[in-house]
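I opened my notebook to look up one chain, step by step. Here is what I am working from.

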Amino acid sequence: MASLIRSDFLEMGLVKVAFLWELLAVGFSVLISDLDVVWLNGHWQRWMTHSDPTHPAVPEAALIAAADVLVTTDGLDVRQDARGGLAGIIELNTGVVYFRQTVGAKAMVQSWRKAMLHQKGRPDLTENVNDQSLFNQVRRVEPDETSVGL
């Protein structure tokens with residue numbers, strides 16, 4: 001029964017990524033979040049899309065406009081954030097992820113999906129193999145390998 005539950009969790013991740021792909025394929029940029037995330041207003045667009053010229057991004061967020069995928073972390077480090085990069089942060093948290101409708105985002109979604117499909121049906125599957133852990137695995141891939149890294 002436990003392996004069925006672990007397999008079901010991976011299946012839910014595959015459904016999420018398939019739906020995400022369909023939205024990207026028809027031209028939408030997509031913001032996904034866990035159920036425990038509450039959006040009280042639409043101000044997230046200012047930080048992620050830079051689509052409102054009357055509310056430009058703050059200077060610290062200028063590079064966000066160039067990103068294909070934006071993802072949260074559980075690690076807060078104001079000084080590191082000001083310098084940019086992920087030094088010291090081991091895992092990204094897929095509780096909130098924004099995918100722009102770009103070739104890079106689509107490639108990331110396909111690599112993420114392939115990583116999940118590769119794990120599906122393994123008899124030794126554990127609860128540690130899930131959509132978030134596989135997202136992190138894909139983003140660590142070196143640029144010269146076959147999968148797309150983040």
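What share of the contacts in the chain with a separation of 6 or more is accounted for by residues 24 or more positions apart? I looked it up, and the share is 66%. I note here that the model is predicted.

**Entry: the overall layout**

I listed the secondary structure next. The chain has five helices and three strands. Read along the sequence, they follow the pattern α-β-α-β-α-β-α-α. I also checked burial. The chain has 150 residues, and 27% of them count as buried.

**Entry: the largest nonpolar core**

I turned to the largest nonpolar core, which has 22 residues. Which members touch the most other members? I found Leu-20, Val-69, Phe-99, Trp-112, Met-116, Leu-134 and Phe-135. Helix α4 gives the largest share, six residues.

**Entry: Val-69**

I picked one of those core members, Val-69. Val-69 sits in strand β2, which covers residues 69–73. Is Val-69 buried or exposed? Its relative accessibility is 10%. Buried means under 20%, so Val-69 counts as buried. I also took one distance from here. The C-alpha atoms of Val-69 and Gln-101 are 9.3 Å apart, and the two residues are 32 residues apart along the chain.

**Entry: Phe-99 and its contacts**

Phe-99 came next. I left aside its neighbours within four places in sequence. Which residues is Phe-99 then in contact with? Among them are Leu-20, Leu-24, Val-30, Ile-32, Val-69, Ala-105 and Val-109. Ser-29 and Asp-68 are also in contact with Phe-99.

**Entry: aromatic pairs**

How many aromatic pairs does a search of the whole structure find? It finds two.

I took the pair of Phe-99 and Trp-112 to begin with. Their ring centres are 6.2 Å apart and their planes are at 20 degrees, so this pair is stacked. The pair links distant parts of the chain, with Phe-99 in strand β3 and Trp-112 in helix α4, 13 residues apart. Both Phe-99 and Trp-112 are buried.

Then I took Trp-112 and Phe-135. Why is this pair edge-to-face? The ring centres are 5.0 Å apart, and the planes are at 80 degrees. Planes over 60 degrees apart count as edge-to-face. This pair also links distant parts of the chain: Trp-112 is in helix α4, Phe-135 is in helix α5, and they are 23 residues apart.

I put the pairs together. Ring pairs link Phe-99, Trp-112 and Phe-135 into a cluster. I checked burial here too. Trp-112 has a relative accessible area of 0% and is buried. Phe-135 counts as buried at 0% relative accessibility.

**Entry: helix α5**

I followed Phe-135 into its helix. Helix α5 covers residues 131–139. Its buried residues are Asp-131, Leu-134, Phe-135, Asn-136, Val-138 and Arg-139. I then looked at the start of α5. There, a side-chain oxygen of Asn-130 comes to within 3.0 Å of the backbone nitrogen of Gln-132.

**Entry: the second largest pocket**

My last entry is about a pocket. The second largest pocket holds about 340 Å³ of space. Its lining has 15 residues. Which of them lie nearest its centre? They are Phe-9, Lys-16, Asp-34, Thr-94 and Asp-131. The elements α1, β1, β3 and α5 each supply at least two lining residues. The largest share of the lining, four residues, comes from α1.

How values were computed:
Residues numbered from 1 in each chain as written. Predicted model: local features only at pLDDT ≥ 70, side-chain atom pairs only at ≥ 80, totals over all residues. Heavy atoms only, no water. Buried < 20%, exposed > 50% of the residue type's maximum accessible area, 1.4 Å probe, protein only. Polar contact = N/O pair within 3.5 Å; in protein donor to acceptor, adjacent residues only side chain to side chain. Core = buried A, V, L, I, M, F, W, Y, C linked by side-chain atoms within 4.5 Å. Contact = heavy atoms within 4.5 Å. Phe/Tyr/Trp six-rings, centres within 6.5 Å; stacked < 30°, edge-to-face > 60°. 1 Å grid on protein atoms, 1.4 Å probe; cavity = no way out; pocket = protein on both sides within 12 Å on 5 of 7 lines; lining within 4 Å. Points joined across faces, edges and corners; volume = space filled by probe spheres on them.
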